[in-house]
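This briefing is meant to be read with the structure open alongside it. Please look at the model below before going through the points grouped by topic.

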Amino acid sequence: MIAGRPRLVIAHRGASGYLPEHTQEAKALAFGQGADFLEQDIVATRDDALLVVHDLHLDRVTDVVRRYPHRARADGRWYARDFTLAEIRELEVTERLEADGRNAVFPGRFPPRQGRFRLHTLADEITLLTGLNRATSRGVGLYVELKHPAWHRNEGIDLGAAVVACLAQAELSRQATPVWLQCFDPGELRALRAGGTEWPLVQLLAREPAGQGDWQGHDPLSDEGLAALARHVDAIGPWLGHVWRDGRDTGLTARAHAAGLAVHPWTLRADRLPDGEQDFMQLLRRLWQDVGVDALFTDFPDMAVAARDSLTAGGRGST
Ligand code: CA
């Protein structure tokens, strides 16, 4: 962590360890558990609504297959882009399912196909969050991911421009509701910065980032690559294994800090620990204190907040 900066808990798809991901219920729970940011993944619908959903597809988290059996594409997947927002709002949301459509990806979580959950838009979530911030005098932020911008451009929509326009329309007060924008595609982030976006930008880094876009000749995990990123983004959001591997700090966090970048690794899950780890709370504390990450993505915001606040150095806002 860079001195003077807070340690931030990003609720990954909401408190998704407890309730179906990207539902308003999961977001409200994350807010109540003390998260600093709620994450939104954004995908466009047929009528260009900005839907909060993780995949381009609807078939792993809704009952779209049962309801619209004939609207898959040739690849056998049901795309949000092929449905109107009105249609999507009627779908029942479930805890995430495996490709078999039956078993849950995380068997110990909320039971699949139970409850009455719905998907919602970025505008809906801004309303929820700003309302909660107002009612509690807190300043929880939006942490918005642009999903597959090149794919969306091919589908006839500039997702980055649409998200920026939606945020601008909401007239968010920077202090009351902070916003970060995140993307795996480096070209999209360069374009957003060149376009004058005012929001801090996070370059997500996949397990194998090389295939994720145009890095302009640099390995993004090298010192040169980090220095190049620091010219237009504020943080990196690396796969956890780039930061912490075999029970040890890999050194990436310190190198990124030296380049002037904050570090926000993903994804910390109590029910899916990295190889060799046995104690989730201890892993969280080591990331906060020993590695010095600035923020982390987690499905379990309550535990990340508890681990941070248990450190002798104190909680948010300390060194
Ligand atoms: Ca995401």
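Predicted model: local features only at pLDDT ≥ 70, side-chain atom pairs only at ≥ 80, totals over all residues.

Helices α11 and α12 are oblique to each other, since their axes, for α11 over residues 280-291 and for α12 over residues 301-310, cross at roughly 60° and come within 9 Å.

**Helix packing**

- Two packed helices are described by the angle between their axes and by the distance between the axes.
- The crossing in which α11 passes α12 is right-handed, and the residues that make the contact are Phe280, Met281, Leu284, Arg285 and Trp288 on the α11 side, with Met303, Ala304, Ala306, Ala307, Arg308 and Ser310 on the α12 side.
- By residue class, the contact of α11 with α12 divides into 8 nonpolar, 1 polar and 2 charged residues.
- Helix α4, residues 122-136, has an axis that comes within 10 Å of the axis of α6, and the two cross at roughly 35°.
- The passage of α4 across α6 is likewise described as a right-handed crossing, with Leu122, Ala123 and Ile126 of α4 meeting Val163, Cys166, Leu167 and Ala170 of α6.
- The contact of α4 with α6 consists of 7 nonpolar residues, with no polar and no charged ones.

**Calcium site**

- The calcium ion has as its protein donors Glu39 (OE), Asp41 (OD) and Glu145 (OE), which lie 2.2 to 2.3 Å from the ion.

**Backbone features**

- Most residues other than glycine have a negative phi, and most peptide bonds are trans.
- The peptide bond that joins Trp266 and Thr267 is cis, with omega about -15°, and Thr267 is found in the loop between β10 (262-263) and α11.
- Arg13, a residue other than glycine, has a positive phi near 60°; Arg13 is placed in the loop between β1 (8-11) and α1 (24-32), and a relative accessible area of 11% means that Arg13 is buried.
- His148 is not a glycine either, yet has a positive phi of about 50°; His148 is found in the loop between β4 and α5 (149-154) and, with a relative accessible area of 43%, is partly exposed.

**An exposed loop residue**

- Where is Glu171 placed? Glu171 is in the loop between α6 (159-170) and β5 (179-183), and its relative accessible area of 70% makes Glu171 exposed.
- Glu171 and Gly141 are 30 residues apart in sequence, and their C-alpha atoms are 14 Å apart in space.

How values were computed
Residues numbered from 1 in each chain as written. Heavy atoms only, no water. Axes fitted to C-alpha atoms, helices over the stretch in contact; angles between N-to-C directions. Helix = DSSP H or I, 4+ residues; strand = E, 2+ residues; numbered from the N terminus. Parallel < 35°, antiparallel > 145°, perpendicular 65-115°, else oblique. Left-handed = near helix turned anticlockwise from the far one by under 90°. Contact = heavy atoms within 4.5 Å. Nonpolar A, V, L, I, M, F, W, Y, C, P; charged D, E, K, R; others polar. Donors = N, O, S within 2.8 Å, 3.2 Å for Na, K, Ca; no water. Buried < 20%, exposed > 50% of the residue type's maximum accessible area, 1.4 Å probe, protein only.
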